[in-house]
Amino acid sequence: MPFPNSSDLRPSFILASIPGLEAAQSWVAVLLCCAYILALTGNCVVLLVVRLEPSLHAPMYFFLCMLAAIDLALSTCTVPRVLSFYWFGTREISFGACLLQMFLIHSLSAVESTVLLAMAVDRYVAICHPLRHAAILTNAATAKIGLAAMARGVLFFLPLPLLLLPLPFCSSRALSHSFCLHQDVMNLACANTTPSVVYGLTAILLVMGLDAVLICLSYVLILKAVLRLAAWKERLKVFSTCIAHICVVLAFYVPLIGLSVVHRFGRDLAPLVHITMGNIYILVPSVLNPIIYGVRTKQIQRRILSLL
């Protein structure tokens, strides 16, 4: 296929509609809007409750606030644009806006992965070294971890749009999602994308992949410490402090792995599968995280009831 001329190097992209449900997209948008409002409300409530409740001024809940802020940013940089498309038919997204949205999605996901790792380390220290917990995870250390997580996400994923910036793009501008992802945009380029493929895979493995391995390692160590306890009731009581974090980790990594598998090996799958997995990846963690911690944390429950 011939390369486009210079006027075509900065094309707008066409967002994917829901195949077979084009006529009902406005109703699908209502469901997405309800999920988005639920995510906004839940995460804002978490931020407010931790701010107002002195007993929650601890590293675990500061990390939870970081998680809530990331979920707010991640859902806000994608869902309003999707709703605009579904309700008003604005299918085109400019080249610059697409690259910016792509960078925000991937970098915020990396920051969230790092925060989940920090929460796993917090649980490890609290269970395996309880006497040193306050000395190791101080408020200053927690703030530094948050800044490091943000810097890590930006530095690792800023090259993704920069690698796509000089590439020419083919006449086909149709994406397979209702928002921009690196793999999706990269597949539309009419040039050698090997550097972009290699760097994207490397960044994913060094950030999300490494974090997942370290989270699993921390829980292996936690299980070893819990099994040393004599009484089963004591074991269950100690390990129950990790249940909420485990659920949040699954809510983040399961959609991420599912979406990655669909991108790498599911090119022959129906377009509906790609769109559904993309929406799950964006919305499910943002909706579930505040619900999980609200159900599992009595202090948050009591404070919410007092606010109501």
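Modeller: Before the record is read, one definition is needed: UniProt positions are given here in the numbering of this chain, and annotations may be inferred rather than shown by experiment. The model itself is predicted.

Biologist: Which residues does UniProt list for "transmembrane region"?

Modeller: The entry, which is unreviewed, lists residues 27-49, 61-87, 93-121, 133-158, 197-222, 243-266 and 272-295. Such a record can be set beside the computed secondary structure of the model. Residues 197-222 are 100% helix and 0% strand, with end C-alpha atoms 36 Å apart. Residues 93-121 are 93% helix and 3% strand, and their end C-alpha atoms lie 40 Å apart.

Biologist: Which residues line the largest cavity, and which helix gives the most to the lining?

Modeller: The lining consists of L32, T78, V79, V82, F179, N279, I282 and L283. Helices α3 (79-88) and α12 (271-296) each supply at least two of the lining residues. Helix α12 gives the most, with three residues. By class, the lining has six nonpolar, two polar and no charged residues.

Biologist: Where is T78 found, and is T78 buried or exposed?

Modeller: T78 is found in the loop between α2 (59-76) and α3. A residue is called buried when its relative accessible area is under 20%. T78 has a relative accessible area of 1%, so this residue is buried. Apart from neighbours within four places in sequence, T78 is in contact with Q101, I105, F179 and I282. Of these contacts, F179 and I282 are also named in the cavity lining.

Biologist: How is a nonpolar core to be read, and which residues touch the most other members of the largest one?

Modeller: In soluble globular proteins, nonpolar side chains tend to be buried together. The largest nonpolar core of this model has 82 residues, and F13 and L116 touch the most other members. Helix α4 (residues 95-128) provides the largest share of this core, 15 residues. Not counting residues up to four places away in sequence, F13 touches R91, E92, I93, F95, C98, F169, R173, L175, V185 and L188.

Biologist: Is D71 buried or exposed, and with which residues is D71 in contact?

Modeller: D71 is found in helix α2. Its relative accessible area is 0%, so D71 counts as buried. Leaving aside neighbours within four places in sequence, D71 is in contact with N43, E112, P285, S286 and N289. D71 and L108 are 37 residues apart along the chain, and their C-alpha atoms are separated by 8.3 Å.

Biologist: How far apart in space are V287 and S75?

Modeller: V287 and S75 are 9.5 Å apart, C-alpha to C-alpha, although 212 residues apart in sequence. V287 is placed in helix α12 and is buried, with a relative accessible area of 13%. Leaving aside its neighbours within four places in sequence, V287 is in contact with A35, L38 and A39.

Biologist: What are the corresponding values for I304 and F265?

Modeller: I304 and F265 are 39 residues apart along the chain, and their C-alpha atoms are separated by 44 Å. I304 lies in helix α13 (residues 298-307). Partly exposed is the class between buried, under 20%, and exposed, over 50%. I304 counts as partly exposed because its relative accessibility is 26%. Its contacts, leaving aside neighbours within four places in sequence, are V45 and V49.

Biologist: Where does C190 lie, and is C190 buried or exposed?

Modeller: C190 lies in the loop between α8 (182-186) and α9 (194-227). With a relative accessible area of 9%, C190 is buried. The C-alpha atoms of C190 and T114, 76 residues apart along the chain, are separated by 34 Å.

Definitions and conventions: Residues are numbered from 1 along each chain as its sequence is written. This is a predicted model: local features need pLDDT of at least 70, side-chain atom pairs count only at pLDDT 80 or more; totals for chains, interfaces and linings use all residues. Side-chain values use heavy atoms; hydrogens and water are left out. On a 1 Å grid over the protein atoms alone, a cavity is a set of points where a 1.4 Å probe fits but cannot get out, and a pocket is an open set with protein on both sides within 12 Å along at least five of seven lines; lining residues have an atom within 4 Å of a point. Helices (H or I, at least four residues) and strands (E, at least two) are DSSP runs, numbered from the N terminus. Ala, Val, Leu, Ile, Met, Phe, Trp, Tyr, Cys and Pro count as nonpolar, Asp, Glu, Lys and Arg as charged, and the others, Gly among them, as polar. A nonpolar core is a set of buried Ala, Val, Leu, Ile, Met, Phe, Trp, Tyr and Cys residues joined through side-chain atoms within 4.5 Å. Buried means under 20% relative accessible area, exposed over 50%, partly exposed in between (1.4 Å probe, protein chains only). Contact means heavy atoms within 4.5 Å.
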